[in-house]
Amino acid sequence: MLPRKRPLEGEAVKESESESVLKKSRLCFFADSKNICVGSGSGSQETNIDGTKSVSLENRNSNDSCTRKELSITEMAFDVGKSNDIDEDLHSRQLAVYGRETMRRLFASNILVSGLQGLGAEIAKNLILAGVKSVTLHDEGKVELWDLSSNFIFSENDVGKNRALSSIQKLQELNNAVVVSTLTTKLTKEQLSEFQAVVFTDISLENAVEFNEYCHNHQPPIAFIKTEVRGLFGNCFCDFGPEFTVFDVDGEEPHTGIIASISNDNPALVSCVDDERLEFQDGDLVVFSEVHGMTELNDGKPRKIKTARPYSFILDEDTTSFGRYEKGGIVTQVKQPKVLNFKPLRDAIKDPGDFLLCDFSKFDRPPLLHLAFQSLDKFVSELGHFPVAGSEEDAQRLISITSNLNDSLGDAKLDDINPKLLRHFAFGARAVLNPMAAMFGGIVGQEVVKACSGKFHPLFQFFYFDSVESLPVEPLDPSDFRPLNSRYDAQISVFGSKLQKRLEDAKVFLVGSGALGCEFLKNLALMGVSCGNQGKLTVTDDDVIEKSNLSRQFLFRDWNIGQAKSVVAASAASSINPHLRIEALQNRVGPETENVFDDTFWENLNVVINALDNVSARLYVDQRCLYFQKPLLESGTLGAKCNTQMVIPHLTENYGASRDPPEKQAPMCTVHSFPHNIDHCLTWARSEFEGLLEKMPAEVNAYLSNPAEYTSAMRNAGDAQARDNLERILECLDRERCESFQDCIAWARLKFEDYFANRVKQLTYTFPEDAVTSTGVPFWSAPKRFPRPLQFSTDDPSHLHFLVAASILRAQTFGIPVPNWPPEKLAETLDRIVVPEFQPKKDAKIVTDERATSLSAASLDDAVVINELIMKLEQVRQKLSPNFRMKPIQFEKDDDTNYHMDLIAGLANMRARNYGIPEVDKLKAKFIAGRIIPAIATSTAMSTGLVCLEFYKVINGGHKLEDYRNTFANLALPLFSMAEPVPPKTIKYKDMSWTVWDRWIIKGNPTLGELLKWLEDKGLNAYSISFGSCLLYNSMFPRHKERMDKKIVDLAREVAKAELPPHRHHLDIVVACEDDEDNDIDIPQISVYFN
């Protein structure tokens, strides 16, 4: 059942009369444009296009077309079909992952979270951010100081209060659209019937079996999840009922292919164009469309792929009697629902089936942890408490229980129960660590979403995880685990007090305070990082808070919109742990801020954590960490996917050592003339938007600001690009200059004709449907699609959406106010516009070369034309007001009231219609054209939890390469792949060896001669030395030998004109060397210290 439309948040505010005309009283506009209803209130008149009037009735029926399709002049630009039950500004990144249908199902879901220690709080946080209908918090216990190690909600003032009651206010602040309530008494089975999913984080196995049985047998079944984290160990169990249907197993878009040929065979061979590799797999079902000739395949019937290949596949179909394939065709994957038969906990605990494996180096670990958690439950039920950290007696008792349980398994008995591992398990069993809670909070939160929506494949059914490698490498004395009556006691019970002291004194640099950054700040604050007298956490981010951030970046609230991210996040982190010593900066990290993040800053750091959203910034930070030999903890998310990478000095390769291949870009000619998918149309639309509304007005202003300098630059360039610029400026200021809103509408109408009719007519005139290439192949072969021109119609709402959005934005660039027109005036204006009849050009040049990078064709008379254009421009300029300037519009995707996406969606969809490409709604257009990165809170939380488990290792020191873990995870599948990092490449020469981490340092402000001698002593002959792009020395140049007595720093200043600021104490040079046999030797960078 889908939820009803949600009420808008906040109070209604009376609008002042002085507000923008864009917000004035609504006027009725029929979507079919044949009737226009003018006026407001209970009664009004309708004005037909022919001028006749009819009176509308008061209290019109809700089904009346005027009531349903009422639009104001400015609203005509918006998509009237847009569903407004989802706040797209808030949830845009999440919608990019889930889609509207899944979001609606979430909005109808009531969830119970039982147990509000760290794990329960993390799960509740992620679900409230996701926007479920309600979350009920259940906990009978009271807050202890111990809880402050893992729960970001509690403060020391909450100690002694009920956990659920202490949580409700801060959790409610995350999303006021979610109903958050509490239960503080003992749960009964019957109470579970109110929920679609229930999560238990602190429950005995006996009670869990009882509750699970009720949920499993309930009609409809209630999704049941049992999860817990104990020290560095965690588990999760899911039961979504006897028959649970997964509607979308992976969340990926259906794969498609463009057909090149189909054989008349049994089975048939289908070949596709080699534009992109096919992603089909054996057994996939596919449907065909737009096939010419072999039209029998266009019946919409799913057909099975027998054998999939990179650019073709064998279809399990006899096509011998089908028509002969001629051309065209699209093949599309059909995603099949999957039914899962979950076992109840009582049965699954005895017969768990296959465990979800996350670390292949621990292949035998899940069965052992399956026993260990059962043994812990038995230990607690018998003794009434968890094993005490450091107590060998309790550890041995747990080991004994596990051994007895193992002996009772018969043929399923494990060969080794690993007493050493069980000892670690016992010592930390009472502790809920924040990184573990964050990781499992992300995993379990995602499982709840799956249970409520059927989106993504559920965890089936047990998952076990441990990070025992995070423990200190040196043996710990039992006294190290003793509680200190501090908020970190739970963490101390696992790692000991020495590591806690190191955490508190750590100097950490967090780069970014967005979604990842907020999670990291919360984790670090709870861990006590940089909370000691010697510690310091520096966070920097140059961005400000936007509404779309609030669904993931949980430290921000709606009243923070417009404020600096780093400042707000640092303040929120300090409220989580008042001892946190944090400094918030608003600087971008890059070459331009090396005076802020100078050598001293980097040298004093213990570790750097990246929380960035772009590769270039990551690469810069990676180079800094490489240079100063600092550990870098890297992570990133993309929808339900996440990855982490540990960059550890001298142990691992650096982040930049391996890179993903660049994304394939569509050729320019494809985007401009031969699109074959909606991405091409949206790329073109975004380019046209920026050209018309940002670049062209900026170019006009550049000319008007300094005509002499601008025209001189164009004359000097003298090329096709300069000619094009001048032609467009002239066009903008003369023939297409707008002085009234009527002019803007006329401009938009003619643009429609140009884009969607005339250009297509010219293209098909130059290349008719039966055109062939020089080799005799049909020109319009796949993947090219033959286009058809559009005929403008006021009966088509999408034509009007484009027209009004384009008119309003054009008016903004000329500073023309948008009038409060009655809609019939739009019709009158359109009627008066004369659209010239199109005359095709016989000599039109249309670029078809996929390697072309410009659509401008050079001409021998460019210089002559440029001079003529400059003269015409000067005449036009004389007629303008001296202060006339245009107003460039910078594209902003996240403001749904600014018409930007309305225009881009209109441009793209009209173009798609030209080429017979399926159109998209404005939201999908925003994702593609706005290059929105899909993001959800669950994968973000999980990745930061994993990174912080590695953080323990970095701060403790002494861990080997095999102790660290890089992770790739996809919560949609679910898939967890953990492996040790790749070591750096080692170069060996004589008795020396080095890696990318090594930097040779020479101190004492050496001369060039002294540097060469220093290298010679290493058996290296330097033949070239450079600083930046400037050559300081080359053995081939005799005059360079005169520089031998000069200091390296002086050469840099004199030859390279280097400006070395006071905070710099060294400079870096690149030296090319060879051995005695003239073989090149690749040596490390050399740092020459002069101060």
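Q: Let's start with Cys-669: buried or exposed?
A: Cys-669 is buried, with a relative accessible area of 3%, where buried means under 20% relative accessible area, exposed over 50%, and partly exposed in between, using a 1.4 Å probe and protein chains only.

Q: What sort of model is this, and how are residues numbered?
A: It is a predicted model, in which local features need pLDDT of at least 70 and side-chain atom pairs count only at pLDDT 80 or more, while totals for chains, interfaces and linings use all residues. Residues are numbered from 1 along each chain as its sequence is written, and side-chain values use heavy atoms, with hydrogens and water left out.

Q: Back to Cys-669, what does UniProt list there?
A: An unreviewed UniProt entry places the feature "active site" at Cys-669; UniProt positions follow the numbering used here, with shortened feature names, and annotations may be inferred rather than shown by experiment.

Q: And which element is Cys-669 in, and what is it in contact with?
A: Cys-669 is found in helix H18, residues 668-673, helices being DSSP runs of H or I with at least four residues and strands being runs of E with at least two, numbered from the N terminus. Leaving aside neighbours within four places in sequence, Cys-669 is in contact (heavy atoms within 4.5 Å) with Phe-674, Val-847, Thr-848, Asp-849 and Glu-850.

Q: New topic: how many residues are in the largest nonpolar core?
A: The largest nonpolar core has 172 residues, and those with the most contacts inside it are Phe-463, Phe-465 and Phe-951. Such a core is a set of buried Ala, Val, Leu, Ile, Met, Phe, Trp, Tyr and Cys residues joined through side-chain atoms within 4.5 Å.

Q: What does Phe-465 touch?
A: Not counting residues up to four places away in sequence, Phe-465 touches a set of residues that includes Leu-232, Phe-233, Cys-358, Met-436, Leu-949 and Met-978. There is also a second, separate core of 80 residues, which includes Ala-685, Leu-726, Leu-869 and Ile-904.

Q: How many salt bridges are there?
A: The count comes to 61 salt bridges, each being a side-chain nitrogen of Lys or Arg within 4 Å of a carboxyl oxygen of Asp or Glu.

Q: What about Arg-93 and Asp-894?
A: Their side chains meet in a salt bridge at 2.8 Å, N to O. Arg-93 lies in helix H2 (residues 88-98) and Asp-894 in the loop between helix H25 (862-878) and helix H26 (900-914), so the pair ties together parts that are 801 residues apart in sequence. Arg-93 and Asp-894 are buried.

Q: Last one, the C-terminal part: which residues does UniProt list for that domain?
A: For "domain: Ubiquitin-activating enzyme E1 C-terminal", an unreviewed entry, UniProt lists residues 964-1086. Over residues 964-1086 the chain is 13% helix and 35% strand, with the end C-alpha atoms 30 Å apart.

Q: Where is Leu-975 placed?
A: Leu-975 is in strand S27, residues 975-979, and is partly exposed with a relative accessible area of 33%.
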